[in-house]
Amino acid sequence: MSLRSTPQIYVKLRGSALSSLIALFIALSRYCDYWHHYQDVVWGSVIGAVLATISYFYYHPSLWDPLSHRPREPQHVIIRSSDTVMSRSASVDKLHSVKVM
């Protein structure tokens with residue numbers, strides 16, 4: 001089975017599994033080499049996994065979404081200049097200019 005015939009979700013799962021295995025190897029090597037206590041390794045892994053999950057879902061939809069390879073659209077972008085605030089909504093392609101007093 002070539003990489004082109006493999007569905008994209010499996011390629012993504014392989015990539016995330018590989019990075020998780022590398023992180024697990026590093027954590028275990030730190031413990032086995034007596035660089036850290038087991039509590040340090042366990043809590044560091046938990047904190048890293050939670051922050052990685054939060055940051056992924058902040059910027060991307062679920063892996064099962066067909067558009068999971070694309071980042072989310074920004075909900076609201078504000079551009080400030082010296083005396084004008086320009087606001088662009090993701091649902092509207094028009095720029096709205098508001099005078100700041």
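Is Phe57 buried, partly exposed or exposed? Select Phe57 to begin: with a relative accessible area of 43%, this residue is partly exposed, because that class lies between buried, under 20% relative accessible area, and exposed, over 50% (1.4 Å probe, protein chains only). The model is predicted, so local features need pLDDT of at least 70 and side-chain atom pairs pLDDT 80 or more, whereas totals for chains, interfaces and linings use all residues. Residues are numbered from 1 along each chain as its sequence is written, and side-chain values use heavy atoms, with hydrogens and water left out.

Moving on to Tyr58 and Tyr59, you find an edge-to-face pair at 4.8 Å and 90°, and Tyr58 is exposed, with a relative accessible area of 59%. A search of the whole structure finds two aromatic pairs.

Then select Ser55, which sits in helix H2 (helices are DSSP runs of H or I, at least four residues, and strands are runs of E, at least two, numbered from the N terminus). Ser55 is partly exposed at 36% relative accessibility, and its side chain reaches the backbone oxygen of Ala52 at 3.1 Å, a polar contact being a pair of N or O atoms within 3.5 Å, with one able to donate a hydrogen and the other to accept it within protein, and with residues adjacent in sequence counted only if both atoms are side-chain atoms.

Note on methods: Rings of Phe, Tyr and Trp (its six-membered ring) pair if their centres lie within 6.5 Å; planes under 30 degrees apart count as stacked, over 60 as edge-to-face and the rest as tilted.
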